[in-house]
Amino acid sequence: MAKEAAVAATVQAEELPKAIVRRIVKEKLSQLSTDADFNLHSEALLAFSESARIFIHYLSATANDICKESRRQTINADDVLKALEEIEFSEFVEPLRASLSEFRKKNAGKRAGSAKAKEGTNKKRRTGKEAVAENGGEDQAEEKDEEEGS
């Protein structure tokens with residue numbers, strides 16, 4: 001009984017979120033169908049979810065094998081692309097490359113923006129000693145002059 005509960009918990013932990021699977025399926029069906037009114041039976045939803053989960057496992061295992069053949073420990077995007085070709089889903093490679101390129105462009109813009117923000121934050125965090133060292137101690141000389149003048 002405990003073993004069955006453990007297996008059930010593992011299966012449930014590996015399930016894809018039903019709401020996301022439902023949304024993806026309905027979006028695709030609405031693109032393909034002129035009849036916008038359709039229902040998705042719960043067993044069909046489960047079948048889509050399980051199919052996607054199995055596909056992800058198979059693709060990740062194949063990408064992992066490719067990675068290990070290259071004597072690396074981290075799977076990268078090229079490993080996934082090669083894995084798609086290896087498991088005979090090469091028709092997905094070019095659309096995925098395009099999506100990946102778009103993602104990298106967007107991410108590069110975000111990185112540049114966050115680097116500038118970090119640079120600004122680091123300037124604000126300078127200690128007084130760094131500021132003195134930068135301006136050659138001019139601030140200290142001015143402060144001494146002001147103190148002596150008082």
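Predicted model: local features only at pLDDT ≥ 70, side-chain atom pairs only at ≥ 80, totals over all residues.

Visitor: Which residues lie nearest the centre of the largest pocket?

Guide: The general idea first: rolling a probe the size of a water molecule over the atoms shows where empty space is left. Here, the largest pocket has 15 lining residues, and Ile24, Ala52, Phe55, Ile56 and Phe92 lie nearest its centre. The space in this pocket comes to about 590 Å³.

Visitor: How does the lining of the largest pocket divide by class?

Guide: The lining has 14 nonpolar residues, one polar residue and no charged residues.

Visitor: Which helix gives the largest share of that lining?

Guide: That is α3, with five residues. Both α2 and α3 supply at least two residues each.

Visitor: At what angle do α2 and α3 pack?

Guide: In general, two packed helices are described by the angle between their axes and the distance between the axes. In this model, α2 (residues 18-32) and α3 (residues 42-69) pack at about 100°, and their axes are 10 Å apart. An angle from 65 to 115 degrees counts as roughly perpendicular, so α2 is roughly perpendicular to α3.

Visitor: Which residues meet there?

Guide: From α2 come Lys18, Val21, Arg22 and Val25, which meet Leu45, Phe48 and Ser49 of α3. The residues of this contact comprise four nonpolar, one polar and two charged.

Visitor: And Asn64: is this residue buried, partly exposed or exposed?

Guide: Asn64, found in helix α3, has a relative accessible area of 26% and is therefore partly exposed. Its C-alpha atom is separated by 7.6 Å from that of Asp79, 15 residues apart along the chain.

Key
Residues numbered from 1 in each chain as written. Heavy atoms only, no water. Axes fitted to C-alpha atoms, helices over the stretch in contact; angles between N-to-C directions. Helix = DSSP H or I, 4+ residues; strand = E, 2+ residues; numbered from the N terminus. Parallel < 35°, antiparallel > 145°, perpendicular 65-115°, else oblique. Contact = heavy atoms within 4.5 Å. Nonpolar A, V, L, I, M, F, W, Y, C, P; charged D, E, K, R; others polar. 1 Å grid on protein atoms, 1.4 Å probe; cavity = no way out; pocket = protein on both sides within 12 Å on 5 of 7 lines; lining within 4 Å. Points joined across faces, edges and corners; volume = space filled by probe spheres on them. Buried < 20%, exposed > 50% of the residue type's maximum accessible area, 1.4 Å probe, protein only.
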